[in-house]
Amino acid sequence: MSRSPLPPALVVAPALAVLALAGCAPGSAGTGSPAASGGTVEVLASFYPLQMVAQEVGGDRVTTGSLTPPGAEPHDVELSPAQVASVSASQLVVYLSGFQPAVDDAVEQAGPRHVVDAADVADLVATEDEHTEDEHADHGDLDPHFWLDPTRVPPVADAVADALSEIDPEGADTYRANAEALAARLTALDEELTSGLATCERRVVVTSHEAFGYLAARYDLEQVGISGVDPETEPSPARLREVGDVVRSEGVTTVFFETLASPKVARTLAADLGVETAVLDPLEGLRDDTDDYFSVSRDNLEALRVALSCS
Ligand SMILES: [Zn+2]
């Protein structure tokens, strides 16, 4: 704690810093605090899709950061003391309770003044518990991966717009308009996915971890995950046999792997079964900064259309 890279003012008095910033109108000269960069509202998101929402809704009135470093897998993120302090110092924290335990703890400890918990508005559903081999599977746990169904994202954008409007009332009309523009782009993406996946020779999608339950439910696909909802879980030999049986009986051509979690298990399984591999990105983070939520979603659509022989 004695070597925190944050300036002493933020470490000693984070609550005061937040109060000072919350009262600081955008466009003003700021308070001299490093947290007030150009008079924008400081928003901290816990991982990429929520940062995307905050940036799109906030536009140039906000500065967004993420608690999950670029290229990192967010499920088991660990936070440094400086990151925990940044949770206190931010004017708004956007996170998803139940997804990243370290973030849940930091939000509870730091008590930021304005918080949007996407779990409150994204209409999460319980994971399907197909892993009878896994004694540790928690029955009735909520599946966090809502952002892979674009129709579940606009309520989060609305909640972010509401929170930003409280912090920065002068921007309220802008935040509302930005949230509506984002919702329109998400609706267009949903329509592309719906039509692109309407007529396919196969509907079973074998994935390395079960991130695609909401996508499968929305577009009438059937997800078969090698690992469960947590990508760190090693699949049992029995689970690998089950997946192999599905691949053979359903004529599956492709085992999908991800970009941030290790592709080894998926690649080995595909090689054993003599089928292809391809990337299906759970959008938990970006591989490189030329991508965004929409471009990766469209890459996913193309990968699915090839693997499932959609017309
Ligand atoms: Zn995941």
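This is a guided tour of a predicted model, stop by stop.

**Whole chain**

Colour by burial next: buried residues make up 50% of the 311 residues. The accessible surface comes to about 14,200 Å². Carbon and sulfur atoms account for 51% of that surface.

**The zinc site**

Select the zinc ion. Which protein atoms are its donors? They are NE2 of His75, NE2 of His145, NE2 of His209 and an OE atom of Glu284. These donors lie 1.8 to 2.2 Å from the ion. The angles among the four donor atoms run from 99 to 116°, and the site is tetrahedral. Along the chain, the donors follow the spacing H-x69-H-x63-H-x74-E.

Keep His75 and His209 selected. This pair links distant parts of the chain, 134 residues apart. His75 sits in the loop between β2 and α4 (81-89). His209 sits in the loop between β5 (204-207) and α8 (213-219). Are these two histidines buried or exposed? Both His75 and His209 are buried.

**The four-stranded sheet**

Select β1, β2, β3 and β4. They form an open sheet in the order β2-β1-β3-β4, with parallel pairing. The edge strands are β2 (62-66) and β4 (115-117), each pairing on one side only. Neighbouring strands of this sheet are turned by 20° against each other on average, direction ignored.

Zoom in on β1 (residues 41-45) and β3 (residues 92-95). They pair in the parallel sense over three bridges. Val43 is partnered by Leu92 in β3. Leu44 is partnered by Val93 in β3.

Move to the other side of β3. β3 and β4 also pair in the parallel sense, over three bridges. Val94 stands opposite Val116 in β4.

Show the side chains of β3. Leu92 and Val94 point one way, while Val93 and Tyr95 point the other way. All of these residues are buried.

**Helix α3**

Select residues 48-58, helix α3. How many of its eleven residues are buried? Eight are, so the helix is largely enclosed by the rest of the structure. Highlight the buried set: Tyr48, Pro49, Leu50, Met52, Val53, Ala54, Val57 and Gly58.

Now display what these residues pack against. From the sheet, the partners include β1, β2 and β3. Among the helices there are α6 (154-167), α7 (172-196) and α11. Then step just past the helix to Gly59. Gly59 takes a positive phi of about 55°.

**Ala307 in α11**

Follow α11 (residues 293-307) to Ala307, which belongs to this helix. Why does Ala307 count as buried? Its relative accessible area is 6%, and the cut-off for buried is under 20%.

Show the contacts of Ala307, leaving out residues up to four places away in sequence. Ala307 touches Arg202, Thr253, Thr254 and Phe256.

**Glu232**

Jump to Glu232, in the loop between β6 (222-225) and α9 (237-250). Glu232 counts as exposed, at 51% relative accessibility. Beyond its neighbours within four places in sequence, Glu232 is in contact with Glu73 and Asp76. Glu232 and Ala261 are 29 residues apart in sequence, yet 8.1 Å apart from C-alpha to C-alpha.

**Two aspartates with positive phi**

Finish in two loops. Select Asp123, in the loop between β4 and α6. Its phi is near 55°, a positive value in a residue other than glycine. Asp123 is exposed, with a relative accessible area of 54%.

Then select Asp220, in the loop between α8 and β6. What is the phi of Asp220? It is near 60°, again positive in a residue other than glycine. Asp220 is exposed, with a relative accessible area of 55%.

Key
Residues numbered from 1 in each chain as written. Predicted model: local features only at pLDDT ≥ 70, side-chain atom pairs only at ≥ 80, totals over all residues. Heavy atoms only, no water. Pairing = 2+ DSSP bridges. Axes fitted to C-alpha atoms, helices over the stretch in contact; angles between N-to-C directions. Buried < 20%, exposed > 50% of the residue type's maximum accessible area, 1.4 Å probe, protein only. Contact = heavy atoms within 4.5 Å. Donors = N, O, S within 2.8 Å, 3.2 Å for Na, K, Ca; no water. Tetrahedral: all angles 85-135°; square planar, octahedral: opposite > 155°, others 65-115°. Areas by Shrake-Rupley, 256 points an atom, 1.4 Å probe, with all protein chains shown as cover.
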